[in-house]
Amino acid sequence: MSLLLLRSRISTSGAIAGVRRLALPAAGSGVRMKHTLPKLQYDYCALEPAISGKIMELHHSKHHQAYVDGLNDAVEKYADALQKEDVNQQIVLQSLINFHGGGHLNHSLFWENLAPKSSSGGEPPSGALETEINSIWGSYDGFKEAMNAALVGVQGSGWAWLVKDETGRIGITTRANQDPVVGKLKPLLGIDAWEHAYYLQYENRKKEYFNAIWDVINWKAAETRFEA
């Protein structure tokens with residue numbers, strides 16, 4: 001993925017502070033933006049029993065923090081490589097920026113995709129997005145079956161996403177590892193299929209995790225992105 005794409009602004013109306021722009025500093029720039037771990041809008045245990053508090057704590061405070069730290073380190077080194085006109089090092093660092101930057105973007109969107117049942121988590125989609133889902137998959141259940149099939153089909157680590165293209169049409173796509181959804185597609189709803197998202201609780205029963213997570217999906221966030 002080109003570095004230009006990492007300069008793109010996240011296409012959501014409620015972009016989280018600290019994730020608004022994955023900008024790479026220009027050569028000689030004295031200002032180096034530090035990316036930060038976004039604060040969750042709910043307690044770690046608020047998504048139980050679908051997702052345990054321990055998993056949420058580790059996933060957010062350890063795994064996501066590691067992506068933030070890795071991104072800041074890679075961007076810092078990339079700035080130095082630019083200043084030194086070290087093209088070889090710039091090329092090497094692109095993969096690290098893609099991985100850690102993608103991990104930061106993906107997880108920041110993922111936390112917004114979740115909500116406790118007391119805050120509308122698990123309620124089905126509504127409005128224009130519901131209409132679009134029904135027109136393509138026949139029903140909300142039909143969509144969930146298609147999304148879960150995509151998740152099961154992820155080999156190794158990755159994500160499944162509900163996305164919107166430039167024409168306003170929606171569809172399901174997958175991404176390997178931490179490759180983010182950028183460019184001509186807008187991410188509406190993403191589900192993490194990495195083992196660290198479920199293994200402590202569900203072990204090798206990842207299909208149970210894929211079924212359970214719908215109980216805490218926040219469709220309000222997806223609807224806001226769809227309408228933006």
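Reply: Helices (H or I, at least four residues) and strands (E, at least two residues) are DSSP runs, and both kinds are numbered from the N terminus. The model here is predicted, so local features need pLDDT of at least 70 and side-chain atom pairs count only at pLDDT 80 or more, while totals for chains, interfaces and linings use all residues. Residues are numbered from 1 along each chain as its sequence is written, and side-chain values use heavy atoms, with hydrogens and water left out.

Me: How many helices and strands does the protein chain have?

Reply: The protein chain has eight helices and three strands. Read from the N terminus, the elements follow the pattern α-α-α-α-α-β-β-β-α-α-α, which you can trace along the structure above.

Me: What share of the residues in the protein chain is buried?

Reply: A residue is called buried under 20% relative accessible area, exposed over 50%, and partly exposed in between, using a 1.4 Å probe and protein chains only. By that reading, buried residues make up 47% of the 228 residues in the protein chain. The chain exposes about 10,900 Å², and carbon and sulfur atoms supply 50% of that area; accessible areas come from the Shrake-Rupley method with a 1.4 Å probe, and for residues only the protein chains shown count as cover.

Me: What part of the contacts comes from residues 24 or more positions apart?

Reply: Contact means heavy atoms within 4.5 Å. Among contacts in the protein chain with a separation of 6 or more, residues 24 or more positions apart account for 69%.

Me: At what angle do the axes of helix H4 and helix H5 cross?

Reply: Axes are lines fitted to C-alpha atoms, for helices over the stretch in contact, and angles run from 0 to 180 degrees between N-to-C directions. In this model the axes of helix H4 (residues 127–137) and helix H5 (residues 140–152) come within 8 Å and cross at roughly 70 degrees. That makes H4 roughly perpendicular to H5, since angles under 35 degrees count as roughly parallel, over 145 as roughly antiparallel, 65 to 115 as roughly perpendicular and the rest as oblique. On the H4 side, Ile 133, Asn 134 and Trp 137 make the contact, and on the H5 side Tyr 140, Gly 142, Phe 143 and Ala 146 do.

Me: In which order do the three strands stand in the sheet?

Reply: Two strands pair if DSSP finds at least two bridges between them. Here three strands form an open sheet, ordered E2-E1-E3, with antiparallel pairing. Strand E2 (170–176) and strand E3 (186–192) stand at the edges with a single partner strand each, so one side of each is left without a neighbour in the sheet. From one strand to the next, the twist averages 25 degrees.

Me: How many bridges join strand E1 to E2?

Reply: Seven bridges join strand E1 (residues 158–164) to E2, and six join E1 to E3. To follow the pairing residue by residue, find Trp 161, which stands opposite Thr 173 in E2, then Val 163, whose bridge partner in E2 is Gly 171, and finally Ala 160, whose bridge partner in E3 is Ile 191. E1 and E2 form a hairpin with five residues between them, and Gly 168 in the turn has a positive phi of about 95 degrees.

Me: Are the faces of E1 covered or uncovered?

Reply: Both faces are covered, with Gly 158, Ala 160, Leu 162 and Lys 164 buried on one side and Trp 159, Trp 161 and Val 163 buried on the other.

Me: Which peptide bond is cis, with omega near 5 degrees?

Reply: The bond from Glu 48 to Pro 49 is cis, and Pro 49 lies in the loop between H1 and H2. Ser 52 is in the loop between helix H1 (3–6) and helix H2 (53–83), and this serine is buried, with a relative accessible area of 16%. Leaving aside residues up to four places away in sequence, Ser 52 touches Tyr 44 and Gln 201.

Me: Where does Asn 177 lie?

Reply: Asn 177 lies in the loop between E2 and E3, and its phi is near 55 degrees, a positive value in a residue other than glycine. With a relative accessible area of 40%, Asn 177 is partly exposed. Glu 203, in the loop between helix H6 (199–202) and helix H7 (206–212), has a positive phi near 50 degrees.
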